[in-house]
Amino acid sequence: MTDSPNPWVADHIRRFEETGGMPRPGIRDLLLTTRGRRSGVPRRTAPAHVPGGEAADATYVLTASNAGAGHHPAWYLNLCADPAVTLQVGAESFAALARPATPAETERLWPVVVAAMPSYAAYRDAAAGTAGREVPLVLVTRTGG
């Protein structure tokens, strides 16, 4: 298992583990493990999430904002190559499937995401402004029992 090479994210993962999944009170954080699309190595990152809302097959909505960068985060590219992921929410870990939201789901869910995390509006604007990148939303659903 390899944690994000980004020092802020690696520190956030450490705080997530130390606090039993509550590194930032009031913010819904989780650990996401994807499989490296080139290396095959399991990789962890710690995105925030919002509840799936009206997306019938999503338990968690993740935002692949990469803080407004002009390119998608590696975890997003990894789950596009292999949608079988592992989530840890609080102390519970479980298998899940991830998929990019459809355009209709994205339109419906962006207001929910921004209401929960207002900084995502600025990230979306920055990504669009610097690189013309659309920030994807990812719907993640628990699999199995």
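Select Glu105 to start: with a relative accessibility of 11%, Glu105 counts as buried. You're looking at a predicted model, so keep that in mind at every stop.

**Stop 1: Glu105 and its partner**

Glu105 belongs to helix 3, which covers residues 103–116. Glu105 and Arg99 form a salt bridge, with their closest N and O atoms 2.8 Å apart. The side-chain pair also turns up as a polar contact at 2.8 Å.

**Stop 2: more charged pairs**

In general, side chains of opposite charge can pair when their charged atoms come close. How many salt bridges does a search of the whole structure find? The search finds nine.

For one of them, go to helix 1, residues 7–18, and pick Arg14 and Glu18, which sit four residues apart, or about one turn of the helix. Their side chains meet in a salt bridge, 2.9 Å from N to O. Arg14 is partly exposed at 39% relative accessibility, while Glu18 counts as exposed at 55%.

Next, select Arg24 and Asp29. This pair forms a salt bridge too, and the closest N and O atoms are 2.6 Å apart. Arg24 counts as partly exposed, with 21% relative accessibility. Asp29, on the other hand, is buried, with a relative accessible area of 3%. Leave Asp29 on display, since the next stop comes back to this residue.

**Stop 3: Pro47 in its loop**

Click on Pro47. You'll find Pro47 in the loop between strand 3 (42–45) and strand 4 (49–51). Is Pro47 buried or exposed? Pro47 is buried, because its relative accessible area is 9% and anything under 20% counts as buried.

What does Pro47 touch, leaving aside residues up to four places away in sequence? The contacts are Arg28, Asp29, Leu30, Leu32 and Leu62. Draw a C-alpha to C-alpha distance from Pro47 to Leu32: these two are 15 residues apart in sequence and 7.2 Å apart in space.

**Stop 4: strand 3 and its neighbors**

Stay with Leu32 and switch to a cartoon view. Leu32 stands opposite Thr45 in strand 3. Strand 2, residues 31–35, pairs with strand 3 in the antiparallel sense over four bridges. The two strands make a hairpin with six residues between them. Select Gly40 in that turn, where phi is positive at about 80°.

Now look at the pairing between strand 3 and strand 1, residues 2–3. In which sense do these two strands pair? They pair in the parallel sense, over two bridges.

**Stop 5**

**Stop 5: helix 2**

For the last stop, select helix 2, residues 74–81, and pick out the buried residues Trp75, Tyr76, Asn78 and Leu79. Turn the view until you look down the axis of helix 2. Why do the buried residues line one face of the helix? Seen that way, they fall within an arc of 160°, so they line one face. Finally, bring the sheet back into view to see what covers them: the cover includes strand 2, strand 3, strand 5, strand 6, strand 7 and strand 8.

Definitions and conventions:
Residues are numbered from 1 along each chain as its sequence is written. This is a predicted model: local features need pLDDT of at least 70, side-chain atom pairs count only at pLDDT 80 or more; totals for chains, interfaces and linings use all residues. Side-chain values use heavy atoms; hydrogens and water are left out. Buried means under 20% relative accessible area, exposed over 50%, partly exposed in between (1.4 Å probe, protein chains only). Contact means heavy atoms within 4.5 Å. Two strands pair if DSSP finds at least two bridges between them. A salt bridge is a side-chain nitrogen of Lys or Arg within 4 Å of a carboxyl oxygen of Asp or Glu. A polar contact is a pair of N or O atoms within 3.5 Å; within protein, one must be able to donate a hydrogen and the other to accept it, and residues adjacent in sequence count only if both atoms are side-chain atoms. The arc is that of the directions from the helix axis to the C-beta atoms.
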